[in-house]
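Dear colleague,

Please find the sequence and structure below. My notes on what was found follow directly after.

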Amino acid sequence: MSNSTPSERLATIEAEIRAFAEAHLVDPPCVGGGDEVFWREGWNRCAAEGIIAGPLPAEWGGRDQGLLATIVSMETLGTTCPDLGLLFSINAHLWACSIPILSFGTDEQKRRWLPGLADGSSIGGHGATEPNAGSDIFSMTSTAVRDGDEWVLDGHKNFVANGPVADVFVVYATTDPGLGELGVTAFIVERDRPGLVVSKPLEKVGLRSSPTGTITMNDCRIPVGNMLGSEGGGSACFNCSMEWERGSILAMHIGSMERQLKDAIAHVRSRRQFNRAIGSFQSVANRIVDMKVRIDAARPLVRRIGELKDSGRNAMLESAVAKLFVSEAAVASGLDAMQVHGARGYLSENRVDVELRDALGARIYSGTNDLQRVMIARLLGLPSSLVGGD
Ligand SMILES: Cc1cc2nc3c(=O)[nH]c(=O)nc-3n(C[C@H](O)[C@H](O)[C@H](O)COP(=O)(O)OP(=O)(O)OC[C@H]3O[C@@H](n4cnc5c(N)ncnc54)[C@H](O)[C@@H]3O)c2cc1C
């Protein structure tokens with residue numbers, strides 16, 4: 001392994017992850033059908049394989065694997081593990097909790113929280129979105145007020161991925177409402193802090209086995225040592241976590257698009273109408289071709305983020321581009337898969353709908369695709385539409 005080239009190293013990782021997933025992740029208790037639950041046993045299996053530790057440094061219990069190798073692992077898991085909700089939970093944990101603590105935490109904070117997050121014994125989530133602060137995230141009104149050796153948090157967070165099962169959250173609140181974005185600060189809040197209430201899982205259209213909830217902070221007191229980064233530095237922490245998350249979280253959809261394509265090809269080769277396989281009809285074949293082209297266009301966009309981050313470079317523009325393209329590709333792929341299956345694709349029992357429903361969320365989470373377009377335009381030097389407002 002030590003003398004191998006980077007591409008040989010990635011091929012080895014891919015082969016190892018595929019073997020692991022084929023042995024341990026093909027039998028989630030429930031995918032599709034409506035009664036999906038978080039698959040803790042699947043989480044534990046991924047943790048034991050080191051998947052949850054992948055991008056973290058060995059010093060903090062990680063595997064020092066880098067982002068590109070993690071992305072390749074996620075792609076591979078997406079081809080094999082039908083439970084995208086589980087993979088989504090792993091991604092949310094990594095990019096919105098572990099990476100901010102790694103990037104902004106003090107050594108003491110890293111020592112305290114990263115080993116548990118790396119070995120999967122502790123599940124992470126993050127609370128940024130609020131009822132009145134979604135795309136306009138820094139208009140949040142949750143507050144943090146210093147009281148001696150403590151911060152006192154009050155407010156309500158929506159759509160917290162992993163919320164119902166998480167042990168530790170990165171939560172954003174304003175320490176100075178008058179400063180807007182510059183008043184937002186990040187905090188590490190453990191689930192068992194008095195004053196923190198976590199809801200039951202919300203019913204979602206897709207990614208149903210990844211539990212999403214709300215968290216309410218009511219006079220929730222945490223030690224001053226739980227502030228993450230600097231006071232007023234929350235936007236840098238949030239933007240860093242979104243830069244990692246936006247592209248990387250889509251890697252699993254590339255894998256699932258591959259799986260969809262394989263199933264769709266098998267179907268159009270075997271299903272016969274007008275005395276021939278439906279794959280011989282040009283309009284059916286075109287859908288298959290489009291599915292293939294999307295996968296091949298999507299993969300390098302996501303891997304490029306891994307290469308940039310692994311070499312210490314900024315990937316804000318590239319992660320917005322990847323997020324926008326891959327999420328739209330995943331939805332289009334789901335629609336094409338359903339169409340080539342005809343009415344069979346529309347029956348829940350055949351589960352062709354599951355990946356489509358899972359993909360729909362990707363156009364919304366990590367910042368909607370409209371906002372990715374706004375960001376890309378701004379990063380290309382166009383004037384911003386987000387200044388001022390009515
Ligand atoms: C599966 C899932 C998991 C999530 N996990 C988390 C999590 O773990 N933690 C967390 O904090 N949040 C999470 N979210 C919330 C997510 O980040 C927000 O839903 C998202 O940022 C959009 O906010 P909103 O839903 O309030 O929509 P809104 O901001 O109300 O937007 C509604 C519509 O208006 C459009 N719009 C708004 N402003 C503009 C503009 N300036 N230009 C163009 N169009 C605009 C949007 O694109 C969208 O179509 C999750 C969401 C989903 C679906």
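In these notes, a residue is called buried under 20% relative accessible area, exposed over 50% and partly exposed in between, computed with a 1.4 Å probe on protein chains only. The model is predicted, so to speak of local features a pLDDT of at least 70 is needed, side-chain atom pairs count only at pLDDT 80 or more, and totals for chains, interfaces and linings use all residues. Residues are numbered from 1 along each chain as its sequence is written, and side-chain values use heavy atoms, with hydrogens and water left out.

Helices (H or I, at least four residues) and strands (E, at least two) are DSSP runs, numbered from the N terminus.

Asparagine 162, in the loop between E3 and E4, is buried, because its relative accessible area is 0%. Its phi is positive, near 75 degrees, although the residue is not a glycine. Phenylalanine 159 lies in strand E3 (residues 150-161) and also has a positive phi, of about 55 degrees. Phenylalanine 159 is exposed, because its relative accessibility is 56%. Most residues other than glycine have a negative phi.

Strand E4 (residues 168-174) is largely enclosed by the rest of the structure, because seven of its seven residues are buried. Val168, Val170, Tyr172 and Thr174 are buried on one side, and Phe169, Val171 and Ala173 on the other.

Strands pair if DSSP finds at least two bridges between them. E4 runs parallel to strand E1 (residues 124-127), joined by four bridges, and glycine 125 has phenylalanine 169 as its bridge partner. With strand E5 (residues 184-190), E4 pairs in the antiparallel sense over seven bridges; here valine 171 stands opposite phenylalanine 187.

With kind regards
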